Amino acid sequence: MESTTGGKEEEEKPAEKEKLCRRCKATYAPSGNTRLSCRFHPSYFVCRRHDDQKRYYQLRDGDPPYAAKFYDCCGAEDPDAAGCTTDFHLSYDDADA
């Protein structure tokens, strides 16, 4: 049966509210959140020597032992390096995981 009002019969859905990821600081739509959406470092950027004999960095002659700065998870020496792990975005609204 056709509508005689001439208007749209479909109701417009409200726009999905974007969230802010607390890992990568990107905004995202929850409906598009997948295991590959968020790229982040699961550990901290540290300034210390590796006592466990991992050699992610090269110290120069005269550098103090704490001159090595890197991500503890992957050894990346650039603080702006792309994350080494991917997972779902985690919003500030979400419960702690």
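Tyr 71, with a relative accessibility of 12%, counts as buried, since buried means under 20% relative accessible area. This value, like the others in this briefing, comes from a predicted model. The chain has 97 residues, of which 20% are buried, and its secondary structure comprises six strands and zero helices.

**Overall architecture**

- Read from the N terminus, the elements follow the order β-β-β-β-β-β.

- Phe 45 belongs to strand β4 (residues 45–47) and Tyr 71 to strand β5 (residues 69–71), so that the pair links distant parts of the chain, 26 residues apart.
- The two partners fall into separate accessibility classes: Phe 45, at 31% relative accessibility, is partly exposed, whereas Tyr 71, at 12%, is buried.
- Leaving aside residues up to four places away in sequence, Phe 45 touches Lys 69, Phe 70 and Tyr 71, and also Ala 76, Glu 77, Asp 78 and Pro 79.
- For Ala 76, which lies 31 residues from Phe 45 along the chain, the C-alpha to C-alpha separation from Phe 45 is 8.7 Å.

**Salt bridges**

- The structure holds two salt bridges, one of which joins Asp 94 to Lys 19, with the closest N and O atoms 4.0 Å apart.
- This bridge links distant parts of the chain, given that Asp 94 lies in the segment after β6 (85–87) and Lys 19 in strand β1 (residues 19–20), 75 residues apart.
- Asp 94 is partly exposed at 27% relative accessibility, and Lys 19 is likewise partly exposed, with a relative accessible area of 26%.
- Another salt bridge brings together the side chains of Arg 35 and Asp 87, at 3.5 Å from N to O.
- Because Arg 35 sits in the loop between β2 and β3 while Asp 87 is in strand β6, this pair ties together parts that are 52 residues apart in sequence.
- Arg 35 counts as exposed, with a relative accessibility of 52%.

**The β2–β3 loop at Asn 33**

- Asn 33 is located in the loop between β2 (27–28) and β3 (38–40), and a polar atom of the Asn 33 side chain lies 2.8 Å from the backbone nitrogen of His 89.
- When residues up to four places away in sequence are not counted, Asn 33 touches Tyr 28, Phe 88 and His 89.

**Cysteines without a disulfide**

- A search of the whole structure finds zero disulfides, for which two cysteine sulfur atoms would have to be within 2.5 Å.
- For Cys 21, the closest cysteine sulfur is that of Cys 38, and their separation of 3.6 Å is too far for a bond.
- For Cys 24, the closest cysteine sulfur is again in Cys 38, at 3.7 Å, which is also too far for a bond.
- Cys 21 is buried, with 0% relative accessibility, while Cys 24 is partly exposed, with a relative accessible area of 25%.

Conventions: Residues are numbered from 1 along each chain as its sequence is written. This is a predicted model: local features need pLDDT of at least 70, side-chain atom pairs count only at pLDDT 80 or more; totals for chains, interfaces and linings use all residues. Side-chain values use heavy atoms; hydrogens and water are left out. Helices (H or I, at least four residues) and strands (E, at least two) are DSSP runs, numbered from the N terminus. Buried means under 20% relative accessible area, exposed over 50%, partly exposed in between (1.4 Å probe, protein chains only). Contact means heavy atoms within 4.5 Å. A polar contact is a pair of N or O atoms within 3.5 Å; within protein, one must be able to donate a hydrogen and the other to accept it, and residues adjacent in sequence count only if both atoms are side-chain atoms.
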